[in-house]
Amino acid sequence: MKQNSSRTMNHHSSPIFIFLLSIFVSFSAFNTVNSNVDASTFLTKHKLYKVKITSVKTDDKAKWIIKGTSKAPTGTKIYATTADKQNANYGINAAQSTKNKTWATMKHGKFSLAIDPHVLKNATNYQLNQHFKVYLFAVSKLKSSWANSNAIAPSVMHDIASKASSKKLKYTKSQSTYYQNLAAEASSKAVSASIKSSSSIAARESAESESRAASEAASRTSSEALASSQAAVAAAQQAQSTAAVTDNNSGANVNSTDHAKWAIQNGYTWATRKGHSHIIAPGQPLPDGYYWQLP
């Protein structure tokens with residue numbers, strides 16, 4: 001539904017745009033036609049022909065396909081617009097060729113045209129079997145391209161309505177089904193896009209969480225390695241101290257040499273002996289809690 005409405009607004013101007021055009025500029029579809037041109041002036045420049053409807057069907061794109069006849073010369077353009085004066089699309093051309101997006105024209109007394117419900121009458125919803133009254137007529141000397149066929153001013157349409165043919169078109173089940181399927185497809189695409197977006201966000205958050213966990217694990221491993229290293233150094237120092245005590249006190253607990261010796265407090269090394277060591281003269285005993293420094 002939205003796609004068709006969008007196409008209608010792009011191709012046939014919004015109601016506000018049409019209103020502004022009717023005040024300030026000429027309607028391109030009729031060169032000199034605007035809100036200040038009365039019906040008599042319009043009909044002087046452009047001749048109208050009534051048309052006779054011979055058949056109405058719907059195609060697989062939910063358009064009405066209308067065929068008919070008229071006394072209008074070959075090449076005369078066919079115009080169709082809603083008869084609802086209160087609708088924003090009143091005066092907007094809804095007719096187009098059944099083959100492509102161009103004017104539907106007379107050919108040897110016959111015509112065939114397509115009408116999109118959303119171009120015929122701008123509405124928010126359509127009900128099954130709802131009827132749309134439409135004005136159809138052939139009009140001569142229209143120089144503009146179909147893409148620029150905006151609208152006939154309401155003041156001009158008032159007089160044209162009395163001279164144009166009218167037809168009630170019924171909104172069929174096939175048209176209703178077509179637009180329901182379009183709406184369902186659009187909704188499905190929106191849901192798929194939402195799921196895809198959610199999955200992408202979840203995957204990104206999972207990756208970020210795994211990255212944080214790996215970083216924290218690496219940090220813990222580094223801290224544990226540092227602590228282990230520090231413990232190993234302390235153990236080595238203690239082992240050195242213990243070995244020194246064992247070596248130097250295995251025989252006697254006195255300085256039996258002919259020179260002074262250093263006594264270092266247990267738990268300290270030669271490098272850290274300051275404040276924790278003594279010089280012991282020959283013949284003096286080793287203080288408790290100390291070990292001989294190796295020569």
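1. Strands here are DSSP runs of E with at least two residues, numbered from the N terminus, and two strands pair if DSSP finds at least two bridges between them. Across this pair, Trp 262 stands opposite Ile 279 in β10.

2. A word on the basis of these remarks. This is a predicted model, in which local features need pLDDT of at least 70 and side-chain atom pairs count only at pLDDT 80 or more, while totals for chains, interfaces and linings use all residues. Residues are numbered from 1 along each chain as its sequence is written, and side-chain values use heavy atoms, with hydrogens and water left out.

3. Back to the sheet. β10, β9 and β11 make an open sheet of three strands in the order β10-β9-β11, with antiparallel pairing. β10 (277-280) and β11 (290-292) are at the edges with a single partner strand each, so one side of each has no neighbour in the sheet. From one strand to the next, the twist averages 30° (axes are lines fitted to C-alpha atoms, and angles run from 0 to 180 degrees between N-to-C directions).

4. Do look at the surface here. Ile 279, which is found in strand β10, counts as exposed because its relative accessibility is 56%; the classes are buried under 20% relative accessible area, exposed over 50% and partly exposed in between, with a 1.4 Å probe and protein chains only. Together with Trp 262 and Trp 270, Ile 279 forms a nonpolar patch on the surface with about 300 Å² of accessible area. Such patches are made of residues with over 30% relative accessible area and no salt bridge, nonpolar side chains (Val, Leu, Ile, Met, Phe, Trp, Tyr) being joined within 5 Å and like charges within 9 Å. The areas come from the Shrake-Rupley method with a 1.4 Å probe, and a salt bridge is a side-chain nitrogen of Lys or Arg within 4 Å of a carboxyl oxygen of Asp or Glu.

5. Strand β3 (residues 64-70) gives another picture: five of its seven residues are buried, so the strand is largely enclosed by the rest of the structure. Seven bridges join β3 to strand β2 (residues 51-58), and the two run antiparallel. Lys 57 stands opposite Ile 65 in β3. The two strands form a hairpin with five residues between them, and Ala 62 in the turn has a positive phi of about 65°.

6. β3 also pairs with strand β6 (residues 110-115), antiparallel and through six bridges. In β6, Ala 114 is the bridge partner of Ile 65, and Ser 112 is that of Lys 67. Strand β5 (residues 95-96) is joined to β6 by two bridges, again antiparallel, with Ile 115 as the partner of Ala 95.

7. Thr 82 lies in strand β4 (residues 77-82) and counts as buried because its relative accessibility is 3%. A polar atom of the Thr 82 side chain lies 3.1 Å from the backbone nitrogen of Asp 84. Ser 165, found in strand β8 (residues 165-170), counts as buried at 12% relative accessibility.

Notes: Helices (H or I, at least four residues) and strands (E, at least two) are DSSP runs, numbered from the N terminus. A polar contact is a pair of N or O atoms within 3.5 Å; within protein, one must be able to donate a hydrogen and the other to accept it, and residues adjacent in sequence count only if both atoms are side-chain atoms.
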